[in-house]
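Subject: Structure handover

Hello,

I am passing the structure below on to you. My notes on what was found in it follow.

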Amino acid sequence: MKFLKDLGLAALVVLALGLAMPERIRIPVAGASTRDWNARSFWFEPWGTSGVHKGIDIFGKLGTPVLSTTDGIVLFTGEIAKGGKEVLVLGPRWRLHYFAHLDRINTHALAPVASGSAIGTVGASGNAQGKPPHLHYSIVRLLPAPWEIDGATQGVKKAFFIDPSAYLQEQ
């Protein structure tokens, strides 16, 4: 019984630390500014087979460094059909930061990353082939925010997705 109590306490401490860690937010494409993406593209529809666009596309030259938006740990690097070459970082507040359509990946799973550290380069991989090079950037909450749900298409998913444009403008 003491083991379960200690395990529960440890889980609460880890959860609290994740929520309390500060975010050192930065724009994920080196040299980019808010002019390099359309702030209205988050939750834009129709958007291909995904229905709505659950992130923003930050445009840049092929090979421009992609930087971690916050401190965290890399959970996944790899390549999938839609996202192409991608990196997934777990950051403070239990948020997943998703970087897709990379040309190169410069990190690996379980690597710690600091805000501003290079994790890849801008590309057009996955379903972005034939389009101008860009980074697709999304943020997903692991702990849902039900008050964000609305009547939009797939609006229930807004409990998990954060508008990256508003997030990046907090800096």
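To start with the surface, the chain exposes about 9,100 Å², and carbon and sulfur atoms supply 64% of that area. Please keep in mind throughout that this is a predicted model.

Overall layout. The chain has two helices and eleven strands. Read along the sequence, their order is α-β-β-β-β-β-β-β-β-β-β-β-α. Of the 171 residues in the chain, 43% are buried. Taking contacts between residues at least 6 apart in sequence, 61% join residues that are at least 24 apart.

The core. The largest nonpolar core has 27 residues. Within this core, Phe99, Tyr137 and Leu168 are the residues with the most contacts. At least two core residues come from each of the following: strand S3 (56-59), strand S6 (84-91), S7, strand S9 (118-122), S10, strand S11 (161-162) and helix H2 (164-169). The largest share, three residues, is supplied by S10.

Aromatic pairs. A search of the whole structure finds three aromatic pairs. One is formed by Phe99 and Tyr137; this pair is tilted, with 5.2 Å centre to centre and 35° between the planes. The pair links distant parts of the chain, since Phe99 lies in strand S7 (residues 95-105) and Tyr137 in strand S10 (residues 134-141), 38 residues apart. Both Phe99 and Tyr137 are buried. Elsewhere in the notes on rings, Phe42, Trp43 and Phe161 are linked into a cluster by ring pairs.

A surface patch. Ile73, Leu75, Phe76, Ile80 and Leu110 make a nonpolar surface patch of about 420 Å². One of these residues, Leu75, is placed in strand S5 (residues 72-80). Is Leu75 buried, partly exposed or exposed? Leu75 has a relative accessible area of 38%, so it counts as partly exposed, because that class lies between the buried limit of under 20% and the exposed limit of over 50%.

Regards

Technical notes. Residues are numbered from 1 along each chain as its sequence is written. This is a predicted model: local features need pLDDT of at least 70, side-chain atom pairs count only at pLDDT 80 or more; totals for chains, interfaces and linings use all residues. Side-chain values use heavy atoms; hydrogens and water are left out. Patches are made of residues with over 30% relative accessible area and no salt bridge: like charges are joined within 9 Å, nonpolar side chains (Val, Leu, Ile, Met, Phe, Trp, Tyr) within 5 Å. Accessible areas come from the Shrake-Rupley method with a 1.4 Å probe; for residues, only the protein chains shown count as cover. A salt bridge is a side-chain nitrogen of Lys or Arg within 4 Å of a carboxyl oxygen of Asp or Glu. Helices (H or I, at least four residues) and strands (E, at least two) are DSSP runs, numbered from the N terminus. Buried means under 20% relative accessible area, exposed over 50%, partly exposed in between (1.4 Å probe, protein chains only). Contact means heavy atoms within 4.5 Å. Rings of Phe, Tyr and Trp (its six-membered ring) pair if their centres lie within 6.5 Å; planes under 30 degrees apart count as stacked, over 60 as edge-to-face and the rest as tilted. A nonpolar core is a set of buried Ala, Val, Leu, Ile, Met, Phe, Trp, Tyr and Cys residues joined through side-chain atoms within 4.5 Å.
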